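Please load the model in the viewer and keep the sequence panel open beside it.

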Amino acid sequence: MSDWISVGPFDAIPALGARVVATAQGDIAIFRTGDDQLFAVRDRCPHKGGPLSEGIVYGHSVACPLHNWSIDLASGEAMAPDQGCVGRYAVKVEEGNVLIAL
Ligand code: FES
């Protein structure tokens, strides 16, 4: 069973942006999309470890700031023709606070 940990208020995550949370499992980037959905993934691009949290969010995807791979935030998969996958975490909002499952 996973533990839910609180990572702060929903409002602290900028729209079309991300917040990084340091955890025992490494840095996790929590993205907020334009339609206010949240996605939590490892903050390491599956290509060469770029900080996805500093990438450009569009739709439900993020473009890595280093070499522009696109990562689907819902599946964690890099989009073709690139191949790779980033670890995902469950995320939810309760009473305005964001929680992720480790
Ligand atoms: S490290 Fe992300 S595209 Fe290269």
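Among contacts in the chain between residues at least 6 apart in sequence, what percentage join residues at least 24 apart? The share is 38%, where contact means heavy atoms within 4.5 Å.

This is a predicted model, in which local features need pLDDT of at least 70 and side-chain atom pairs count only at pLDDT 80 or more, while totals for chains, interfaces and linings use all residues. Residues are numbered from 1 along each chain as its sequence is written, and side-chain values use heavy atoms, with hydrogens and water left out.

**The whole chain**

Select the chain and colour it by secondary structure. It has 10 strands and 0 helices, and the pattern along the sequence reads β-β-β-β-β-β-β-β-β-β. Helices (H or I, at least four residues) and strands (E, at least two) are DSSP runs, numbered from the N terminus.

Next, display the C-alpha trace, which spans about 40 × 30 × 20 Å along its principal axes. The radius of gyration of the chain is 13 Å, which agrees with the value near 13 Å that a compact globule of 102 residues would have. This radius is taken over C-alpha atoms, and the globule rule is 2.2 Å times the number of residues to the power 0.38.

The accessible surface of the chain comes to about 5,500 Å², and 48% of it belongs to carbon and sulfur atoms. Accessible areas come from the Shrake-Rupley method with a 1.4 Å probe; for residues, only the protein chains shown count as cover. Of the 102 residues, 39% count as buried. Buried means under 20% relative accessible area, exposed over 50%, and partly exposed in between (1.4 Å probe, protein chains only).

Now colour the charged side chains. There are 7 positive and 12 negative ones, and the centres of the two sets lie 6 Å apart. Lys and Arg count as positive and Asp and Glu as negative, whereas His and the chain ends are not counted. The place of a charge is taken as NZ of Lys, CZ of Arg, CG of Asp or CD of Glu.

**The loop between β2 and β3**

Select Q25, in the loop between β2 (17-23) and β3. Q25 is partly exposed, at 38% relative accessibility. Leaving aside neighbours within four places in sequence, Q25 is in contact with R42, Y89 and L102. With Y89 there is a side-chain to side-chain polar contact of 3.4 Å. A polar contact is a pair of N or O atoms within 3.5 Å; within protein, one must be able to donate a hydrogen and the other to accept it, and residues adjacent in sequence count only if both atoms are side-chain atoms. To complete this stop, draw the C-alpha to C-alpha distance from Q25 to W4: the two are 21 residues apart in sequence and 14 Å apart in space.

**The loop between β3 and β4**

Move to D36, in the loop between β3 (26-32) and β4 (38-42). D36 is not a glycine, yet its phi is positive, at about 65°. Its relative accessibility of 39% makes D36 partly exposed.

Then select Q37, which is placed in the loop between β3 and β4. Q37 is partly exposed at 35% relative accessibility. Beyond four places in sequence, Q37 is in contact with F31, R32 and H60.

**A buried serine in a loop**

Which loop holds S53? S53 is found between β4 and β5 (56-58), and it is buried, with a relative accessible area of 15%. Show its contacts beyond four places in sequence: A18, V20, A29, F31 and D43.

Select N68, in the loop between β6 (61-63) and β7. N68 has a positive phi of about 70° although it is not a glycine. Is N68 buried or exposed? N68 is exposed, with a relative accessible area of 54%.

Continue to S70 in strand β7, which is buried at a relative accessible area of 17%. Its side chain makes a polar contact with the side chain of Y58 at 2.6 Å. Not counting residues up to four places away in sequence, S70 touches Y58, V62, A63, E77, A78 and M79.

P81 lies in the loop between β7 (70-72) and β8 (88-89).
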